[in-house]
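My entries follow in the order I made them.

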Amino acid sequence: MHAVVALALPTVEAFDLAIPSQVFGDQAIHAERYTFTVCAPTAGLVRSTAGYAIQADRGLDALADADTVVVPGYLPLDDPGEAVCSALRAAAARGARVVSVCTGAFALAAAGLLDHRRATTHWQYAGDLSARFPSVKVDPDVLWVDEGAVLTSAGLAAGIDLCVQLVRADYGTDAAIRVARRMVVAPHRDGGQAQWLERPVPLPGHGLAATCEWALERLADPLTVTDLAGHAGWAPRTFSRLFVAETGLTPLRWLTAARVREARRLLEVSDLPVDEIARRSGLGSPANLRVHLARDAGTTPTAYRAAYQGREPRS
């Protein structure tokens with residue numbers, strides 16, 4: 001029997017904890033495969049993000065018996081404390097597999113288990129993880145990362161993908177498919193969380209904001225740096241220098257990012273043909289739209305639209 005222990009840190013993300021509970025704790029499937037236990041820094045009730053409390057029957061001593069430790073997400077993302085970090089390090093040192101779901105990666109990082117390793121977390125907190133733990137190689141675009149004994153998943157439902165993959169690694173594809181069918185989820189999902197990221201286009205400050213707003217209303221036009229500079233009342237070189245200083249992007253890179261964002265918005269909310277979306281967003285051609293969307297979201301226009309609208313788009 002493979003012992004899986006979920007460490008619920010306050011305030012635990014209820015959905016994140018439910019994922020390993022369902023995948024590993026369903027005895028109708030795993031009667032002779034897994035045991036599942038919930039523990040906490042101190043045994044007892046643990047607050048959850050859903051407003052109810054979780055009963056953790058054991059404290060950190062449960063990690064000493066675990067073959068796999070799963071740390072669900074939690075908020076706020078405070079340091080979990082030395083007792084938790086020491087228990088996680090001890091579990092990893094004796095050979096336990098250590099896994100995080102969503103923002104649970106922050107606890108693994110605080111324990112030093114992600115140092116010099118590739119890892120992921122919810123896209124919304126990836127920048128924070130990278131800033132707080134610069135030795136971690138954060139990849140915000142993938143659904144999960146397998147570094148052997150340490151694995152991390154992206155936000156929320158990506159934990160399902162990772163936990164099903166763990167069943168596959170432990171007991172084979174048939175076992176993973178059986179779990180996925182019972183949960184009514186895909187046994188494997190292509191792509192990553194890049195297609196769900198919000199990528200705001202930075203707006204410059206007082207001096208150039210009006211020009212950017214003007215450009216955003218004319219994305220379908222063949223705008224040039226000279227056009228933007230003329231609207232702002234600067235020489236093109238001076239305008240470009242000021243623009244980079246305020247946004248961190250060249251005017252043309254900013255314009256491309258704005259066009260990709262508009263293309264994504266149109267794919268999300270409309271049934272417009274891809275060639276019309278390419279025209280309205282200023283990306284020109286369907287081929288150019290596909291290139292930029294693949295680079296930005298890691299997917300195709302058809303797949304992106306289907307993911308957001310829950311149906312195949314009209315041709």
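I looked up Phe243 and found it buried, with a relative accessible area of 1%; buried means under 20%, exposed over 50% and partly exposed in between, with a 1.4 Å probe and protein chains only. Phe239 is also buried, at 1%. This is a predicted model, where local features need pLDDT of at least 70 and side-chain atom pairs pLDDT 80 or more, while totals for chains, interfaces and linings use all residues. Residues are numbered from 1 along each chain as its sequence is written, and side-chain values use heavy atoms, with hydrogens and water left out.

I checked where Phe239 and Phe243 sit: both lie in helix H10 (residues 236–247), 4 residues apart, about one turn of the helix. Helices (H or I, at least four residues) and strands (E, at least two) are DSSP runs numbered from the N terminus. The two rings form a tilted aromatic pair, 5.6 Å centre to centre with 45° between the planes. Rings of Phe, Tyr and Trp (its six-membered ring) pair if their centres lie within 6.5 Å; planes under 30 degrees apart are stacked, over 60 edge-to-face, the rest tilted.

I noted 5 aromatic pairs by this rule. The rings of Phe106 and Phe133 have centres 6.4 Å apart and planes at 70°, so I logged that pair as edge-to-face. Phe106 is in helix H4 (residues 105–110) and Phe133 in the loop between helix H5 (126–132) and strand E8 (137–138), so the pair ties together parts 27 residues apart in sequence. Phe106 is buried at 1%, and Phe133 is buried at 16%.

I found Phe24, Tyr34 and Tyr171 linked into a cluster by ring pairs. Arg33 lies over the face of Tyr171, 5.3 Å from the ring centre; the rule asks for NZ of Lys or CZ of Arg within 6 Å of the ring centre and within 35 degrees of the ring normal.

I then turned to Val4, in strand E1 (residues 2–7). Val4 is buried, at 1%. Leaving aside neighbours within four places in sequence, Val4 is in contact (heavy atoms within 4.5 Å) with residues including Phe24, Tyr34 and Val70.

Last, I looked at helix H11 (residues 251–269) and helix H12 (residues 274–281), whose axes come within 9 Å and cross at roughly 145°. Axes are lines fitted to C-alpha atoms, for helices over the stretch in contact, and angles run from 0 to 180 degrees between N-to-C directions. Among the residues that meet there are Arg259 and Glu262 in H11 and Arg280 in H12.
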